[in-house]
Each structure stands twice: as C-alpha cells, then as structure tokens.
Amino acid sequence: MKIGIVCYPTFGGSGVVATELGMALADKGHEVHFITYNQPVRLDFISHHLHFHQVLIEEYPLFQYQPYELALSSKMVEVVQTYELEVLHVHYAIPHAYAAFMAKQMLKEKGLNVKVVTTLHGTDITLVGSHPTYKTAVEFSINNSDVVTSVSNNLKETTNKLFNIKKDIQVIYNFIDTEKYDKAHQQKCKRIAIAKPEERILTHISNFRPVKRVEDVIRIFAGVRKEIPAKLLMIGEGPERAKAENLAQKLKISKDVLFLGNSDEVAKILCYSDLFLLPSQTESFGLAALEAMAAKTPVISTNTGGLPEVNINGITGYLSNLGDVDDMAKNAISILKDNAVLEQFKNNAKEHTKRFSLENILPVYEEIYKSCYQSK
Ligand code: GMT
C-alpha cells in the first residue's frame, strides 16, 4: 500500500509512534511517505520504501503567524498526486487533521479520492484541542476523518466527553519494537559510567512541560535518596528544566541528579535504569513508560488518564494519586530496597510489554489501511 504519514518530527510520543509505525510499514514492503517540517528524529533511511517530504514555510513580514496548515495541505496534495497515495495517516489532530481535510477537498476537485486516518494522541484533545480557541475546528476535523483512532480507552472516553463526536473511535494502543530493547540489553550496559555499584539508577524522560511535573520527579527522588543510595537521570529538554534543577539544588541532591538533555539513545539509557518515574498531571498513554518497561524498568506513575492501561499497579510498578510524592517515594523504595523484589518487577514489566508489541499492533493499522483501499 502507499501511505502518507503526517506528524510532529520531534522527540514527543506522537512523533515517535508515527515514525516507528512508518518504518515498520516500510519494512513490510509498503511505500511510506513522511510529510513533516523536519526529518523525524527517529527516522533512518535504511529502507528504500521510505520517503521524506519537507514542508517549507515562506516567511513574509505581513504574517505574525506563518500559515503552516496551508503549506502542509498543499504539500499533502502534491505528494498524494505525485506518488498516487491512497491513505493519509495524520498523527495529532492539531493542525494535521484539519490540513488533511483541506487536502482531501482539493484532491476531490482533481478527481482523486484519498482517505484520511486520524490518530488522537492526548494533548491534542486534553490540553490544547478542547480549548475554545481550537475546539470547533478539532471537532470538525475528527468528524470528517474517514477513520479515527485513539491510543487508549481513556483518551477515547475523554474525546467523547469533551467533543460532540459522531464517529466511532477505534482504540489502538501504542506499540513498542521489543527487539530494539532486547538488543540494547545484550550489549554491555555502561552502568558504571553513571553510578557506583551500590547505587540504584532512577530515570525520567519527557519534554519537561508543566504536564510532566518534573519537580515531583525531583521530590520523589529526594525521598528515595534518603533511604537508598541512588542517581537520577533526567532525559529531555523543556520549559520546566530550570525549575527542576533549582529544586535539586535547594534539596541539596544536585550531585546525584544528572540532566542529560535530549537523546535518541533511549534504549541504551534505559538499559541501566532500575526504575522509571512518570508523575504526570495526565498521560493519554505514557509511551515513555512503555519504553521503560520494554527495557525491564518498572514504573512509578500517577493513576491519571490512560496510565492504568499501561502500568499495572503492584505488577509492573505502582500508581499513586496526582501530586502524592510521598506515596510515590514509598512505592519506589519498596521496589528498590530488595534485589529479589526489584528483579520480579523488572521481569513483570518486560513481560507486560508483549501485549504492546509491534507484531500485535502493526496488523491492526494495516487492516485499517486495507479497509480504506476497499471502500474507495
Ligand atoms: O507527552 C507529551 O507531551 C507529548 C505528546 C505527543 O503528542 O507527542 O504525548 C502524547 O502522545 C503520546 C503518544 O501517543 C502518549 O504516549 C502521551 O501520553 C501523550 N501525552 C499526554 O497525554 C500528556
């Protein structure tokens, strides 16, 4: 099949899922065309079935805001026409689903019928999409997509609560290429470069936006550190990083907190992690938690959004109420203080990721594309 994928090309979960999906489809022989403003960070060009089309924006002094949707929809039309694509799969509703709708209308005028699949990822619904500034357009673009999917049951329910949705939303969980994490484990983990042998390693990976509550990460670690020698790895960049660094200094633990910035070597970093911290205000799914589990790392998280669908309380880690850093520290200590308990949680976490494997989820997307082809 010939599929166009539109996403944010950044480290964010939606871009990662879209890129991994495109690469896996190309590996299976489908022709995949990424349409984005930059080359997606996880995209490698090892397959000749992968194409990347850059959306370029013309700067013009009149514009306070550059009209990205116009450039994107024009690019979609061009790529669909040139490569005879049958499906456009857009990840993150804003503005991708809206731009895809416009592209579809323009293509109709040229006698072409492209199907639009929209995958909702979370903040496009919960934080941004439901804001009055965007709500009407987001609702319209969801209702006018040919197929709508969401990454968790919780996100589906939330979307139906916040919008007047006339379409059925199909839940397709995010997936993980488990082999990639197995490979990272088979190579020698350079744990000693990070921590002393007696220290546990805790990790947090995110875009350091307010929704991730990175100060809670520091507070949880401070609680753990009182009882167990440990290091905390903070991976990512974002607006809350300075606050987290200041708090670590204030709590006098900064020598044990390492801010490592963005990384596309997540599997290698997780390879030597003992515990993953994700105390988010909300997560539609929590891909970072799934990646951690695939690398045998149990998860301490909040019980918000779709997190309970990914992190199983008492099995793959623990879930606590939002902001309850004492409970999260207590749970973290209960896992970390005993080698046997830690090993059990690590194995459980790894085992649980099987249901989110690429092999299980990829065919579901392929079925959707097939149904789009057949209904043309
Ligand atoms: O986590 C973020 O803020 C990035 C955001 C994105 O769109 O890239 O992540 C959302 O989509 C991910 C992939 O489906 C989910 O795993 C994240 O839970 C979701 N983030 C939120 O709901 C806050």
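Is Y37 buried, partly exposed or exposed? Y37 counts as partly exposed, its relative accessibility being 29%, where partly exposed covers the range between buried (under 20% relative accessible area) and exposed (over 50%), computed with a 1.4 Å probe on protein chains only. The model is predicted, so that local features need pLDDT of at least 70 and side-chain atom pairs count only at pLDDT 80 or more, whereas totals for chains, interfaces and linings use all residues. Residues are numbered from 1 along each chain as its sequence is written, and side-chain values use heavy atoms, with hydrogens and water left out.

**View 1. The aromatic pair of Y8 and Y37.** Rings of Phe, Tyr and Trp (its six-membered ring) pair if their centres lie within 6.5 Å, and planes under 30 degrees apart count as stacked, over 60 as edge-to-face and the rest as tilted; by this rule there are nine aromatic pairs. Because the planes of Y8 and Y37 stand at 65°, with the ring centres 6.4 Å apart, this pair is edge-to-face. The two residues are 29 apart and link distant parts of the chain, Y8 lying in the loop between β1 (2–6) and α1 (13–27) and Y37 in the loop between β2 (31–36) and β3 (50–54); helices (H or I, at least four residues) and strands (E, at least two) are DSSP runs, numbered from the N terminus. Y8 is partly exposed, with a relative accessible area of 23%.

**View 2. The aromatic pair of Y8 and Y92.** This pair is also edge-to-face, with 5.5 Å from centre to centre and 85° between the planes. Y92 lies in the loop between β4 (87–91) and α3 (93–109) and Y8 in the loop between β1 and α1, so the pair ties together parts that are 84 residues apart in sequence. Y92 counts as buried, at 13% relative accessibility. Ring pairs link Y8, Y37, Y68 and Y92 into a cluster.

**View 3. Charges over rings.** The charged end of K135 sits over the ring of F163, 5.9 Å from its centre, by the rule that NZ of Lys or CZ of Arg is within 6 Å of the ring centre and within 35 degrees of the ring normal. R355 lies over the face of F356, 5.3 Å from the ring centre.

View 4. A polar side-chain atom of H121 lies 2.6 Å from an oxygen atom of the ligand, and a polar side-chain atom of N174 lies 2.9 Å from an oxygen atom of the ligand. For G13, a backbone N or O atom lies 2.9 Å from a ligand oxygen atom.

Definitions and conventions:
A polar contact is a pair of N or O atoms within 3.5 Å; within protein, one must be able to donate a hydrogen and the other to accept it, and residues adjacent in sequence count only if both atoms are side-chain atoms.
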